[in-house]
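Thanks for coming. I will show one model and go from the whole chain down to a few residues.

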Amino acid sequence: MKYTLEDIHNIDLGLVKEFVKICNKYDFKYYIIGGTLLGAIRHKGFIPWDDDMDIAMPREDFERFLNVANNELPSNMKLITFRNNESYRYYLPRIVDLNTEIVEKRYADSGEKSNLFIDIFPIDGTPNNKLLRKLYYFRILYNRLMVSWYYIDTIDPSRKRSLLEKILIIAGKILPTKIIINPKKHLEKIDSLMKKNKIESSKYIGTIMGAYRTREIVPKSYFGMPTKYDFEDMQLTGPQQYNEYLTHMYGDYMQIPKDISTNSHYE
């Protein structure tokens, strides 16, 4: 089936509404972040040309959510993680709509099918010492690179990338990554590293497994108490200091980009 952007938005909203029901039932904190927060502030909903949602949870609530989600979600939805699904290749868990079928652009050549989904990001602390924080970044990004190299054939070809990223992709295609890399080992290492620094004792926190990597680490005060923002036909909670967060991430975030195009990840 070919989904329109409106179809995708409606399915995403259905997934998020079930997610929020669980959070409300168990008193889990969550924050809309990234483009979803930007959409809430600038458009009161989705960025019109975007097709995904960015939702994050403090690590403690994130882990508790993973434990209860599949007992709470309706039968047409499922939480998938690298631990409960051997073929799943990402660190971030996702809630999928089992009634949908799509091919992500990165899998266009293979025709591999999946479902429409929303990712859930953990919010973690980082070392307070600047040097140790940089070392932490390096270790996380190194393990991310190893996983990406193993799955090099599924790198999204439509994303804009830096020269360094382009060089690393070329290197990954040359090296015998399927032989020398165990992706599950690196996913476990990422998980272990990210859990080491508690939010309560950290000055800088965030979602380093997001697309912007270390830029998504911000002063803890930016998140603050989850604050309600209008999003389409509902309200979702996001960072208390949304202006500081969005300015850090996007600069003049209220300015509409000139090169607007539909940013669909699906075929």
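How many helices and strands does the secondary structure of the chain come to? It comes to 9 helices and 9 strands, where helices (H or I, at least four residues) and strands (E, at least two) are DSSP runs numbered from the N terminus. The radius of gyration is 18 Å, close to the 18 Å from the globule rule for 267 residues, so the chain is as compact as a globular protein of that length. That radius is taken over C-alpha atoms, and the rule is 2.2 Å times the number of residues to the power 0.38.

A word on provenance. This is a predicted model, in which local features need pLDDT of at least 70 and side-chain atom pairs count only at pLDDT 80 or more, while totals for chains, interfaces and linings use all residues. Residues are numbered from 1 along each chain as its sequence is written, and side-chain values use heavy atoms, with hydrogens and water left out.

Back to the chain. Buried residues make up 50% of the 267; buried means under 20% relative accessible area, exposed over 50%, and partly exposed in between, with a 1.4 Å probe and protein chains only. Of the contacts (heavy atoms within 4.5 Å) with a separation of 6 or more, 65% are between residues 24 or more positions apart.

Asp119 sits in strand β5, residues 117–125. Its relative accessibility is 17%, so Asp119 counts as buried. The side chains of Asp119 and Arg94 make a polar contact of 3.3 Å. By polar contact I mean a pair of N or O atoms within 3.5 Å; within protein, one must be able to donate a hydrogen and the other to accept it, and residues adjacent in sequence count only if both atoms are side-chain atoms. Beyond four places in sequence, Asp119 touches residues including Met53, Tyr88 and Leu92.

Next, Ala40, in helix α2, residues 34–43. At 2% relative accessibility, Ala40 is buried. Leaving aside neighbours within four places in sequence, the contacts of Ala40 include Gly45, Tyr229 and Phe231.

Where is Glu232 found? Glu232 is in the loop between β8 (227–231) and β9 (234–238). Its relative accessibility of 41% makes Glu232 partly exposed. Glu232 and Gly45 are 187 residues apart along the chain, yet their C-alpha atoms are separated by 4.5 Å. A polar atom of the Glu232 side chain lies 2.8 Å from the backbone nitrogen of Phe46. Not counting residues up to four places away, Glu232 also touches Leu13 and Lys44, among others.
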